[in-house]
Protein chains: 2
Amino acid sequence: MRMAELSRESGVPIATVKYYLREGLLHPGERTSPNQAHYDESHVRRLRLVRALLEVGGLSIASVRETLAAIDSHDRTHDVLGIVQHGLPLNRGSADEGTEQWARRRVEEVAAMRGWRLDLRQAPVEALVGVLCTLRNLGHARLVDALDTYAEAADRIAESDLEFVAGLPTTESIVESAVVGTVLGDAALVALRRIAQANISARRFGDERRG
Amino acid sequence: MRMAELSRESGVPIATVKYYLREGLLHPGERTSPNQAHYDESHVRRLRLVRALLEVGGLSIASVRETLAAIDSHDRTHDVLGIVQHGLPLNRGSADEGTEQWARRRVEEVAAMRGWRLDLRQAPVEALVGVLCTLRNLGHARLVDALDTYAEAADRIAESDLEFVAGLPTTESIVESAVVGTVLGDAALVALRRIAQANISARRFGDERRG
């Protein structure tokens, strides 16, 4: 199909398709003349994935490019899961040594309780230590008491994530599902947490409001 | 204290403090002369909160302004929890009517299983429906099978969130803790999910790599 049809089929405006081509988010079509190229189903599918990662997943253009490179390199699932670091706070903020040590110890305790090895993926561990330091610096260190509950919930979710991924047939679909499931899974989890909070909050505090 | 001391005490550069003042993220100091103002502990504390929401929480300037307004208005917890919508995908993307109905039905089933009322907070429900539509449009509808597991995990986390908040003494601390816990809790949860995934993935797929 030509560019105009690709745009219609995918629902992405022509100017945007051209932008994605320039940014390397979409593979070039097969050139049929100096001013024309031919696109196929793989382009439609890729455009849908790009839109999902950008709009629903909230990834930056650079993160989408990295993520697609991971999908295209057909890496093993074990490697690919590490690449999707979207949603992790990268700016750690500053913390004094005592706070930093306290946070690391707390993360190590949680890991020991769950049987996790912490040297596997550096970025998420650093991110978690940063969140704990920030909570303590804000005077909300007691919020960290909930970390075990959070870790247990994360373990159940990850167990379900891997269960699903392991049941898929080909390496390609494993990798794409892992990426899509990780990015959109974060979005689903945040939404579900808000819905659950609103419900429990209404049960606990709702009666006061009628008075 | 003067501006220079406020900057030293909070670790925020003077130009940035002035920017936050202009953007309404920091309340003005008490003016002592046409060119000088006096700041106190409340300014140091507010600056730390602003940095945490911006850097670790990943909120935009506009979201921080809304969030601080919620804290300052001393609303009841029940109302405040609804304001912190950070992390929810706002761009729904387009879905045909059949997909939309399928997604709504799925969300209603999950809500029924958990005893949730869905009319309480519109934005997270819309966000969740959007995520499900996107998954289906990408050909990953089977990932939605995990929704019950996600919802159960979200319920446990929210239960722990509210348990903590309800135990706090004053309304002001409830509101600030609710906001900080919601925003930084998302960041912690995402990091924990990655750590858990990496560990389970290594256990499942790790052996293949050595061969």
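## Chain A at a glance

From the N terminus on, the elements of chain A run α-α-β-β-α-α-α-α-α-α-α. That gives chain A 9 helices and 2 strands. Helices (H or I, at least four residues) and strands (E, at least two) are DSSP runs, numbered from the N terminus. The model is predicted, so local features need pLDDT of at least 70 and side-chain atom pairs count only at pLDDT 80 or more, while totals for chains, interfaces and linings use all residues. Residues are numbered from 1 along each chain as its sequence is written, chains are lettered from A and ligands numbered from 1 in the order in which they are written, and side-chain values use heavy atoms, with hydrogens and water left out.

Chain A has 211 residues, and 52% of them are buried. Buried means under 20% relative accessible area, exposed means over 50%, and partly exposed lies in between (1.4 Å probe, protein chains only). Among contacts in chain A with a separation of 6 or more, 63% link residues 24 or more positions apart. Contact means heavy atoms within 4.5 Å.

## The hairpins

In chain A, strand S1 (residues 30-33) and strand S2 (residues 36-38) run antiparallel and are joined by 3 bridges. Two strands pair if DSSP finds at least two bridges between them. Glu30(A) has His38(A) of S2(A) as its bridge partner. The two strands form a hairpin, with 2 residues between them.

Chain B also has strands S1 (residues 30-33) and S2 (residues 36-38), paired in the antiparallel sense over 3 bridges. Here Glu30(B) has His38(B) in S2(B) as its bridge partner. A hairpin of 2 residues joins S1(B) to S2(B).

## Ser7 and Val12 of chain B

Ser7(B) sits in helix H1 (residues 3-10) of chain B. Its relative accessible area is 12%, so Ser7(B) is buried. Not counting residues up to four places away in sequence, Ser7(B) touches Val12(B), Pro13(B) and Ile14(B).

Val12(B) lies in the loop between H1 and helix H2 (14-22) of chain B. Val12(B) is buried, with a relative accessible area of 1%. Residues up to four places away in sequence aside, Val12(B) touches Ser7(B), Val17(B), Tyr20(B), Leu47(B) and Arg51(B). Val12(B) and Arg48(B) are 36 residues apart in sequence, yet 8.7 Å apart in space, C-alpha to C-alpha.

## H3 against H4 in chain B

Helix H3 (residues 41-56) of chain B packs on helix H4 (residues 61-72) of chain B at an angle of about 135 degrees, with the axes 10 Å apart. Axes are lines fitted to C-alpha atoms, for helices over the stretch in contact, and angles run from 0 to 180 degrees between N-to-C directions. H3(B) is therefore oblique to H4(B). Angles under 35 degrees count as roughly parallel, over 145 as roughly antiparallel, 65 to 115 as roughly perpendicular and the rest as oblique.

H3(B) passes H4(B) in a right-handed crossing. A crossing is right-handed if the near helix is turned clockwise from the far one by less than a right angle, and left-handed if anticlockwise. From H3(B), Arg46(B), Leu49(B), Val50(B), Leu53(B) and Leu54(B) meet Ile61(B), Val64(B), Thr67(B), Leu68(B), Ile71(B) and Asp72(B) of H4(B). By class, this contact of H3(B) with H4(B) has 8 nonpolar, 1 polar and 2 charged residues. Ala, Val, Leu, Ile, Met, Phe, Trp, Tyr, Cys and Pro count as nonpolar, Asp, Glu, Lys and Arg as charged, and the others, Gly among them, as polar.

## H6 and its two partners

Helix H6 (residues 97-114) of chain B packs on helix H8 (residues 147-166) of chain B at about 45 degrees, with the axes 10 Å apart. H6(B) and H8(B) are therefore oblique to each other. Arg106(B), Val110(B), Met113(B) and Arg114(B) of H6(B) make the contact with Leu147(B), Asp148(B), Ala151(B), Glu152(B) and Asp155(B) of H8(B). The contact of H6(B) with H8(B) has 4 nonpolar, no polar and 5 charged residues.

H6(B) also packs with H7(B), at an angle of about 125 degrees and with the axes 9 Å apart. That makes H6(B) oblique to H7(B). The crossing is right-handed. The residues of the contact of H6(B) with H7(B) divide into 8 nonpolar, 3 polar and 5 charged.

## A link between chains

Arg142(B) is in the loop between helix H7 (122-137) and H8 of chain B. Arg142(B) is partly exposed, with a relative accessible area of 49%. Neighbours within four places in sequence aside, Arg142(B) is in contact with Phe164(A) and Leu168(A).
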